[in-house]
Structure formats: C-alpha cells, structure tokens
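Here is a short briefing to read alongside the model. Keep the 3D view open and follow each stop in turn.

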Amino acid sequence: MRQLTALDAQFLSVESATTAAHVAGVAILDPSTSPSGALTREALLALLRERLHLAPPLRMRLADVPFGLDRPYWLDDPDVDLDAHVHETTLPAPGGERELAAYVAGVHARRLDRERPLWEAHLVHGLEGGRCALYTKVHHCAIDGVSGSEILTALLDPSPQPRRVEAPPAPASPQPPGLLTMLAGAIARSIVQPVETLCSLARAAADLDAIPVVAALPDARLVAQAARALAGDSRPLPETPPLVAPRTPFNGPISGEREVALGSVPLAEVRRVARAFGMGPNDVVMTLCASALRRWLLAHDALPDRPLVAAVPVALRSPGAGGSSRDASDGRVGNRISAMITPLATDVASPRERLAAVRSTLAAAKRRFAVSHRTWLDDVCAMVPNAFAALATPVVFRLAGVAGAGVNLIVSNVPGPRLPLYLCGARMLAYHPLSVVTDATGGISITCASYDGRLDFGVVACPTRLPDVWSMIGHLREAMDELLALLDDSPNDPAPHDPASQGGAAPVRPLDERQEREEMVPA
C-alpha cells in the first residue's frame, strides 16, 4: 500500500464530464494461429487469472481519504472480479476498421469506475478476414507508457504456445489504511504543504522557459537562469525556439464525445528516410505528424503563421532498469514521466525544409530537456493541495481551453517489439495506442507504436474540434509518401539543410540499429 504521487493524483483530478484520463490500445489479432482457431472470452479470463500477479496496476484499487483532504492510497485487491472488467462484443457488418474504431470511440469516451481496479478489456469479434481485436484501457494515474507496455508484454507470448508462468505467491490479506491513519497523514501534509509548495516552486522556476503557458511570459528565460544560479547550477541554458502555441480549430473547450482513427505505415519506410537523412526515426515520426496536421489545417483554411506546439511525453524509467519486469512484480504503479515541449514546423511549406526544421527544433528541445529538472511536471502538480486540485483542475483546464492552450496537442511515440507476439495463441497483427484529449492540451492526440515492422497510429479527437478524424490517417500516409519522394528526387544529396549543423559542426552520420531504438522517445 502506498499513496499516489501528486502527478498521479492530478490524472484523477483532471477528469470531468468531458474528460476521461485513461490510456488505451487496440490490438488486432489473428485467432487462426491459436490451437483452437479462436480467441474466446473464457481463454482471455483464464490468461488473466494466471498472470494477474505480473501486472500490479490491474489488481490495485483506490482508497480515498475522507473529504478528499489528501491524495488517495493504492490498495492491493487480490480478489479482482475479472468478469466485471472483461467485456465481449461483435461488430456489425462489414466489420472493417471504421466499425471497430466507432465501437472503440464509444468505450474510450467513458470514464472508468473508481470503485474497482481502474481498467477494462473489450474482446471484439466480427472483424473482416476472421480477425478479432482487444481494446484495453487503464487509468493514467496507474500507468505510464513504459509500465503500460510491460503489462501488455506480461500477457503476450513470443510464440503461439503460451509460456509457463510461475504461480504467484500466496496473497497477503490487504490492509486498508485506517480512517485515523489517513486523517493523520492529511493533517501532517497540510502542515508541510507550504514548504513543499515553495520547494516545488523553486525547482519549477528553474525550468520556467520550458513549461507551457509560462514560457511565453516576459523574461521567462532570465528568471529560469537566475533560479538555477541561486540553486548553484551555473550551466548555461541551451537556446530553445519560441513555445507560444497558436490558436487552431483543435484548441478550445471539448465535449465528452470521442472519435478514433487507426492507421499504419511500414517501419522500413521510416527507417529508410531516417538513415538517408542521418537522423533518428523519431525525427521522421514528428515530421509525419507535422505534415499531416499542416495538410488538415490547409484543407480547412485554418493554418496559423506560427508552428504548432506539441507536448511529447517522455518516460523517466526505461525497460531493463526502473521499468523492468521487476517493476511488474514488486507492486509499483503510477507515473514516472515528464514532457518535452517542441514546435512542429507546420508553418514551413517545403517538405525538405520542414524535415530539417523538425529535426533542428527537436534537437534543441532534447538539449534543453537534458539539463532540465525532469520532475517539473511533478513539481507543478505538487504546488497545489489535493483538496483544492480536485475541485479546481477541471475548471482551470476548461478556462485554458477558452483562453488559449499552452500546447496544441500531445504526440507520443512508443518503441515496441520487433518480433511478432501472441495472445492466447492468436497472433497480434498490429497495436494502435490511444491517449487523452483535454481542454488544455487540445482536442486531438496522436500516438504511435512500432511493432513487427509497422508503425501503428492511433488518433483520438473530440468531434466538436475535429469532425473528420479519419482524414488525419490519410494525411499521415500522404506525408510518408512525400518524404519518400524526397529520396527519389535527390538520391545523391540526401542531407537536407539543417541550420543546427552549421558553424563547423561534425557531419551527420546515419544511425545504426541500436541508435535507432534509443532515438525513439517513449511515452
């Protein structure tokens, strides 16, 4: 049992009648590879019973402090009622991607029941070609991108034959925190809250020029440099481009409805462009998103003269370290993430120059992020007492949507396995991750994951802000073709002009495979 962090609790506070704060994914499966030739709800339930101990967020529920005086606690629930979490449905004909996306959008719009562990799974039959799908969602207060990927990995196998899993240890009887214990903790936190707020404010001030909204304040960079000097950090701050998000149709108050679109591009095409231009795959992914957004805005006569600004979630734990399989067995849940803020060069007309601009601005954002206090997101959340945050956060986010967002959207890119994986013997053909939209972060989010030679996209949008979400998938494909055309046009001169490479910098060399994986920014 442990208490939620300020950041974890913020993901609870942000929820409202129009906002659900869970992350999700849609796995497309081929059941013909399973021993029975089918994937049933009973087989999925049996798998979950066998491996639930490998995925702590799936068996943890919240214990609230009375009157919301303090952040909730996590309580292990070894007797999870899986029947209440696992659902089954069959799509109407013809069972294509749009029918699947329509069903997923309806489920994705609904908030999770906080009286139970914060997750759901939906087994979807009736896809054309004999396929099926599994949609899963877990509350963002319980997982980040790395821990979410590892939950999925715990349930999947490298072959159609399920691997043997050691039996879990005998479950200990959960000890819920007593009322007096929680109230005592709340009183103690209220006493130290002013000190915690001042400490968080001092740390956040050192990154004032990299935090959305406040980065646009006059002399934000000078204040950040002064705060660092007072803290004994004399390192110069790397230059960053302006982080003022323009107004777009994406930004403004959202409704409670959601639309979802799914699509893919071959990962080999992304790697081909990355290697030819001596950059990382993530540079190419961000360029694809920038180009697709530019095309949509042009089609709706709404392209601003300033670049859109994106928040890119970055995991602070990595697989094999703090986010290894050990995390999945020791009961740790919650988030260890930060965010990198970067312009997207949507204002650049030339595809070649846009590719160079995205690469340059992303490199600048990475340099700035490297010297930042990576806990600034936690620090901002920790400044506000929980009781006030729970009431004020939805209002603040709503006002941010009305007045002007600090970022235009969230873009996430998660590196995944290169080899095929199986669920109850059914081969996973694709995995489309889905994220959150809010009033403050824009009515669209674009998330992608690499898997088995594909880059699978999941786009979530509020239809009042972006009514034709499927057009974004078409624009992503057009953007990929546009980059491939650059290679065909200039096969002997692959490197675009990059202002960051001037001034005697060493020539850029293509990345090897190890560097490619390191360049993928996990969400």
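Arg 306 is partly exposed, because its relative accessible area is 36%; buried means under 20% relative accessible area, exposed over 50%, and partly exposed in between, with a 1.4 Å probe and protein chains only. This is a predicted model, in which local features need pLDDT of at least 70, side-chain atom pairs count only at pLDDT 80 or more, and totals for chains, interfaces and linings use all residues. Residues are numbered from 1 along each chain as its sequence is written, and side-chain values use heavy atoms, with hydrogens and water left out.

**Around Arg 306**

- Arg 306 sits in the loop between α8 and β9 (309-315); helices (H or I, at least four residues) and strands (E, at least two) are DSSP runs numbered from the N terminus.
- Setting aside neighbours within four places in sequence, Arg 306 is in contact with Val 244, Ala 245, Pro 246, Thr 346 and Asp 347, where contact means heavy atoms within 4.5 Å.
- Asp 347 is 41 residues from Arg 306 along the chain, and their C-alpha atoms are separated by 5.8 Å.

**The chain as a whole**

- The protein chain holds 14 helices and 15 strands.
- Of its 523 residues, 54% are buried.
- Among contacts with a separation of 6 or more, 81% join residues 24 or more positions apart.

- Helix α5 (residues 179-205) has 27 residues and reaches 36 Å from its first C-alpha to its last, close to the 39 Å expected at 1.5 Å a residue; the expected span is 1.5 Å times one less than the number of residues.
- Where does α5 kink? A kink of about 50° lies at Val 192, shortly before Pro 194; the bend at a residue is the angle between axes fitted to the seven residues ending there and the seven starting there.
- Buried residues of α5 include Met 182, Ala 186, Arg 189 and Gln 193.
- An α-helix has 3.6 residues a turn, so residues three or four places apart point the same way.
- The cover over the buried residues of α5 includes β1 (2-3), β3 (60-63), β4 (73-76), α6 (220-230) and α11 (376-382).
- In helix α1 (residues 6-13), eight of its eight residues are buried.
- Elements covering the buried residues of α1 include β1, β3, β7, β10 (337-343), α11 and α12.

**An aromatic pair**

- How many aromatic pairs does a search of the whole structure find? The search finds one.
- The rings of Phe 250 and Trp 296 have their centres 5.0 Å apart and their planes at 40°, so the pair is tilted; rings of Phe, Tyr and Trp (its six-membered ring) pair if their centres lie within 6.5 Å, with planes under 30 degrees apart counted as stacked, over 60 as edge-to-face and the rest as tilted.
- Phe 250 lies in the loop between α6 and β8 (259-266) and Trp 296 in helix α8 (residues 281-299), so the pair ties together parts that are 46 residues apart in sequence.
- Phe 250 and Trp 296 are both buried.

- Phe 397, in helix α12 (residues 386-403), is partly exposed at a relative accessible area of 21%.
- Not counting residues up to four places away in sequence, Phe 397 touches Gln 10, Val 14, Thr 438, Asp 439 and Ala 440.
- Ser 435 lies in the loop between β13 (426-434) and β14 (444-451) and is buried, with a relative accessible area of 11%.

**Backbone details worth a look**

- Most residues other than glycine have a negative phi, and most peptide bonds are trans.
- A cis peptide bond joins Ala 93 and Pro 94, with omega about 5°.
- Phe 67 has a positive phi near 65° and counts as exposed at 78% relative accessibility.
- Ala 345 also has a positive phi, about 60°, but is buried, with a relative accessible area of 5%.
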